[in-house]
Amino acid sequence: MKKQLGRVTVSLLLLAMVLALLPGCGTPATPAPEPTVAPTEPPAPEDTPVPEATPAPEATAAPEPTPAPEATPVPTEEPVEQEPLVIVIGVDPITLNGLQSRARTTGNIIWHVNERLVARGSDMKMALLLAESIEQPDDLTWVFNLHEGVMFSNGEEFTSADVKFTLEQTVDPKWNSPYAGAIADLTIDMDNIETPDDYTVILHTEEAAPLMLEQLDFIGMYSEKYFSEASDAEISQQPVGTGPYVVTEWVKDDHITLELRDDYWGTMPEIETIVVRPIPDAQTRLAELLAGNAGIVLNISPDDTERVDATEGVHMATVNGGREIFIGIRTNIEPFTDVRVRQALNYATNVEAILDNLLGVGERMATGSNYPVPSPVEAYTYDPQKAADLLDEVGVVDSDGDGVREWNGVPLSVEIASPNGRYVKDAEIAQAVAGDLTAIGIPTEAKAYEWSVLADMAMGENTLPALHLFGFGTGFSGQLEHWFMTKDFPMNTTSWDDPEFETVYAELKSTIDTDTRTGMIHELDQIAHDGAPWIFIWKQVDFYGVSDGVEFTPRADEIIPYAELHWAE
């Protein structure tokens, strides 16, 4: 009989038997998307569609989306539901202050605590959340009408003053928020945010902002009272929001516990307690799934999918995601200042072999954009001879025949920094690329870092090595994905600054016409491809291991909607 997770309903005798057998589980841009009536996680009390703006931006369609140790399943006599639901992730969040992190590991937790005005639904279309309705009387004005009676978990009512406060804090240099650039892109007049009453917010922009809703999808709402009274440490560890869950415990690098609020304003989720456990090692994550110690496990190795599906009580769930996995190239470090060297690295990398031998799925990424209108840009091909010719042309040559190329007479060697467990087979991908570059005469060492260390290296003063594996995502507008390559993006790890790219992007931000935007997005695709600030690897396919006792369908944007999870019947 297959195992199921849920509330314990067995007899005391069976419970004693289960406890005796347990092996000691761990404890504790395009135009604004067309509004939709579909509720997001968690759904508002009423299914109210976002009203069409006047004039309304057009919508875009979402894109289609070593063996582990043997685990001994817990024997059961009948289906058992058990709280809590354990979700195993690859790395621990750096902070729970959503203003300071745009990592999806943080968002997947914090957005169930700090709800947003609008949020993307499972169909990848934007829908209302804290905003009950939205009006756009002209291209430069947005009116957000808020739900009344929404309470923060500290007992304070959510009002328009909190929205104004949140936007102001987002651009406050104190927080060094990665979302400050999003507000700047929207050209919101921060000195003229109107709050005529407790439930109305009026934003004025200097230019048309077709990505207003898409950018607000990333910004949770925060309590002005709590921020004014709590310490920075409390804000980063004990978030207060309007969402259905509260964080009751965070043991760094061990687990985060979230409990369902009994006074939540919206539709109550079914799962009462969620424990999020960070486990960087893929085989350990797999073992936890097979042992029945987890309900959902992220980043299962592609090598293990058949084993999971062959194991009673668990199954695989996969989705074509929108995250761009790439090797960033610091364009301000010689010889990578020369575009021909960066192009050579792309030709030298055998991505097809990585896909075939390491990942088993996917295709080489041609462009970082997830825009639904296919790009005419073609991916780089594996061509080590062309790579060698480009390097020779630049003067990165093997002058003495020892197999190592020199630059200005000095043997060239580089490091690829990568996380371990943040993305699917991230460290292994870096190792494979290092082998390819070494083969063309650039000795390369792949070095894996803890995610928090790597993220710190990328923020502020960029201290990353010349090559580094990262994954950005997951926008679905064409514009948002290209923002990641602009010179002002907070985590522009490559320091790439292409004047033509910047000019086209600046025009795109305020362009509403769909056909015009499509042409501009494709132009940006080509400029980025030719400029090669990245070694383009792949659009990640996401692999989840799931207990048969949990109903869960993965999303292309990597969000796990806690409010939409259910115990299987």
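Visitor: What is the overall make-up of the protein?

Guide: The protein has 17 helices and 20 strands. Of its 569 residues, 60% are buried.

Visitor: How many of the residues score at least 70 in pLDDT?

Guide: The share is 85%, and the protein averages a pLDDT of 87. Over residues 1-80, though, the pLDDT is below 50. That stretch still has 209 contacts in the model beyond near neighbours in sequence. Where pLDDT is low, the predicted coordinates should not be read in detail.

Visitor: Why is T257 called buried?

Guide: Buried means under 20% relative accessible area. T257 has 8%, so T257 counts as buried. The residue belongs to strand β9. Leaving aside neighbours within four places in sequence, T257 is in contact with V246, V247, T248, E249, T273, I274 and V275.

Visitor: What makes V397 partly exposed?

Guide: The class lies between the buried limit of 20% and the exposed limit of 50%. V397 has a relative accessible area of 28%, so V397 is partly exposed. V397 sits in the loop between α12 (384-394) and β13 (406-407). Not counting residues up to four places away in sequence, V397 touches D392, V404, R405 and E406. Its C-alpha atom is 9.3 Å from that of N408, 11 residues apart along the chain.

Visitor: Why is the pair W483 and F484 called tilted?

Guide: A pair of aromatic rings is described by the distance of the centres and the angle of the planes. To pair, ring centres must lie within 6.5 Å. The centres of W483 and F484 are 6.3 Å apart, so the distance qualifies. Planes under 30 degrees apart are stacked, and over 60 they are edge-to-face. Here the angle is 35 degrees, so the pair is tilted. Both W483 and F484 are buried.

Visitor: Which aromatic cluster includes W483 and F484?

Guide: The cluster is formed by F326, Y347, Y380, Y423, W451, F470, F472, W483, F484, F489, W534 and F536. By the pairing rule, the count comes to 24 aromatic pairs.

Visitor: How do you know that R422 lies over the face of W451?

Guide: The distance limit is 6 Å from the ring centre, and the charge must be within 35 degrees of the ring normal. R422 is at 5.5 Å and lies over the face of W451. Likewise, the charged end of R102 sits over the ring of F218, 5.1 Å from its centre.

Visitor: Why are the buried residues of α11 said to line one face?

Guide: The buried residues of α11 (351-359) are V351, I354, L355, L358 and L359. Down the helix axis they fall within an arc of 110 degrees, so they line one face of α11. An α-helix has 3.6 residues a turn, so residues three or four places apart point the same way. These buried residues pack against α13 (426-439) and β18 (534-547). The face turned away from the buried side carries the exposed residues D356 and N357. Just after α11, G360 takes a positive phi of about 80 degrees.

Visitor: What makes α14 a helix with buried residues on one face?

Guide: In α14 (451-458), W451, L454, A455, M457 and A458 are buried. Their arc is 155 degrees, so they line one face of the helix. They pack against β15 (414-419), β16 (444-449) and β17 (467-472). G460 follows α14, with a positive phi near 65 degrees.

Visitor: Which residues other than glycine have a positive phi?

Guide: T187 and D253 are among them. Most residues other than glycine have a negative phi, and most peptide bonds are trans. Phi of T187 is near 55 degrees, and phi of D253 is about 65 degrees. T187 sits in the loop between α4 (180-186) and β6 (194-197). D253 lies in the loop between β8 (245-251) and β9 (255-260).

Visitor: Are T187 and D253 buried or exposed?

Guide: T187 has 13% relative accessibility, under the 20% limit, so T187 is buried. D253 has 55%, over the 50% limit, so D253 is exposed.

Visitor: Where is the peptide bond called cis?

Guide: The bond from E334 to P335 is cis, with omega near 5 degrees. P335 is in the loop between β12 (314-329) and α10 (339-348).

Key
Residues are numbered from 1 along each chain as its sequence is written. This is a predicted model: local features need pLDDT of at least 70, side-chain atom pairs count only at pLDDT 80 or more; totals for chains, interfaces and linings use all residues. Side-chain values use heavy atoms; hydrogens and water are left out. Helices (H or I, at least four residues) and strands (E, at least two) are DSSP runs, numbered from the N terminus. Buried means under 20% relative accessible area, exposed over 50%, partly exposed in between (1.4 Å probe, protein chains only). Contact means heavy atoms within 4.5 Å. Rings of Phe, Tyr and Trp (its six-membered ring) pair if their centres lie within 6.5 Å; planes under 30 degrees apart count as stacked, over 60 as edge-to-face and the rest as tilted. The arc is that of the directions from the helix axis to the C-beta atoms. pLDDT is the predictor's confidence in each residue, from 0 to 100.
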